[in-house]
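Student: I have a model open on my screen and would like to learn how to read it. Could you walk me through it, one feature at a time?

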Amino acid sequence: MTNLELIEKLKCIVLRSEEIEEAMKEVPRELFVPEECLEEAYGDYPIPIGHGQTISQPFTVVVMTEMLDVEPGHKILEIGAGSGWQAALLGHIVGPEGRVFTIDRNEELVKIARENVEKTGLNNVEIIHGDGTMGLEEEAPFDRIIITAATPRIPPPLTEQLKEGGKIVAPVGDMFRQEMFLYEKTRMGLRKTLNRGQYKFVPLVGRHGFRCRVW
Ligand code: SAH
């Protein structure tokens with residue numbers, strides 16, 4: 001399958017936004033998969049990127065990006081950079097006035113994601129090594145936050161670092177099954193506003209994630 005074929009397929013089932021379509025064309029997934037999987041780059045499924053992690057399925061990336069309701073100029077925080085594709089798509093959509101910060105706890109993946117994003121020519125995407133459940137205090141507040149790993153709850157520091165009126169998209173549940181929720185921050189705190197169904201992500205670990213031996 002080619003990138004255009006994948007995009008056409010996704011347009012039939014989920015892809016509505018022209019901005020996301022444009023981003024998928026300009027930020028091709030093949031730049032973010034391991035060399036030995038190049039032929040699979042445009043299959044609509046997750047692909048292993050090493051270290052027990054995966055690059056997300058295109059269908060899921062489209063759903064989450066659409067839910068996030070991104071506008072040019074937004075400042076976005078992603079938790080779980082992986083090989084960097086989601087962050088780079090967001091970087092394209094927010095444009096030169098916007099910025100994307102993405103955190104990964106795996107140092108090797110941070111290196112890979114930096115190299116991948118570099119290939120796209122985007123210079124508004126920053127990849128940071130650390131525990132994303134603590135957010136990124138020094139760059140807060142954010143317009144949007146996206147968690148691309150399964151999480152038992154929204155880590156409190158992320159709620160604090162979101163602007164009032166800002167949105168969070170995250171797969172929330174247990175280690176085996178999560179539901180894709182959209183939250184909006186009001187004066188009263190976080191409010192769940194949308195549920196786009198069930199997904200299966202690799203776990204978010206760290207201080208406010210799942211208790212895992214690996215962290
Ligand atoms: N967004 C990626 C997919 C991410 S896979 C894409 O565009 O394809 C989930 C990632 O979350 C993994 O790389 C894993 O290392 C990372 N992760 C898990 N717990 C984390 C934590 N506490 N902080 C930062 N990253 C974490």
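This is a predicted model: local features need pLDDT of at least 70, side-chain atom pairs count only at pLDDT 80 or more; totals for chains, interfaces and linings use all residues.

Student: How should I think about side chains along a strand?

Tutor: The general idea is that side chains in a regular strand alternate between the two faces of the sheet. You can follow strand 7 with that in mind, moving on to its pairing with strand 8.

Student: In which sense do strand 7 and strand 8 pair, parallel or antiparallel?

Tutor: Antiparallel, over seven bridges, with strand 8 covering residues 178–186. Val172 stands opposite Glu179 of strand 8. The two strands form a hairpin, and four residues lie between them.

Student: What does strand 8 pair with after that, over how many bridges?

Tutor: Strand 8 pairs with strand 9, residues 189–199, over eight bridges, again in the antiparallel sense. For a landmark, look for Tyr183, whose bridge partner in strand 9 is Lys192. Here too there is a hairpin, and two residues connect strand 8 to strand 9.

Student: Now backbone angles. Which residue takes a positive phi in the hairpin of strand 1 and strand 2?

Tutor: That is His51, in a hairpin with two residues between the strands. His51 is not a glycine, yet its phi is positive, at about 60 degrees. You will find His51 in the loop between strand 1 (47–50) and strand 2. The strands on either side run antiparallel and are joined by three bridges. Ile47 is opposite Ile55 of strand 2.

Student: And peptide bonds: where is there a cis one?

Tutor: Check omega between Ala140 and Pro141: the bond joining them is cis, with omega about 5 degrees. Pro141 belongs to the loop between strand 5 (125–129) and strand 6.

Student: Let's turn to the ligand. How many residues surround the ligand, and which are the closest?

Tutor: There are 24 residues around the ligand, and the closest are Glu78, Gly80, Asp104, Gly132 and Val205. Sorted by class, this shell holds 10 nonpolar, 10 polar and four charged residues.

Student: Which elements each supply at least two residues of that shell?

Tutor: Strand 2 (53–55), helix 4 (85–94) and strand 4 (99–104). The largest share comes from strand 2, which gives three residues.

Student: How much of the ligand's area does the protein bury?

Tutor: The ligand taken alone exposes 580 Å², and the protein buries 99% of that.

Student: Which pocket does the ligand take up?

Tutor: The largest pocket is the space that the ligand takes.

Terms used
Residues are numbered from 1 along each chain as its sequence is written. Side-chain values use heavy atoms; hydrogens and water are left out. Two strands pair if DSSP finds at least two bridges between them. A residue is near a molecule or strand if one of its heavy atoms lies within 4 Å of it. Accessible areas come from the Shrake-Rupley method with a 1.4 Å probe; for residues, only the protein chains shown count as cover. On a 1 Å grid over the protein atoms alone, a cavity is a set of points where a 1.4 Å probe fits but cannot get out, and a pocket is an open set with protein on both sides within 12 Å along at least five of seven lines; lining residues have an atom within 4 Å of a point. A molecule sits in a cavity or pocket if more than half of its atoms lie within 2 Å of its grid points. Ala, Val, Leu, Ile, Met, Phe, Trp, Tyr, Cys and Pro count as nonpolar, Asp, Glu, Lys and Arg as charged, and the others, Gly among them, as polar.
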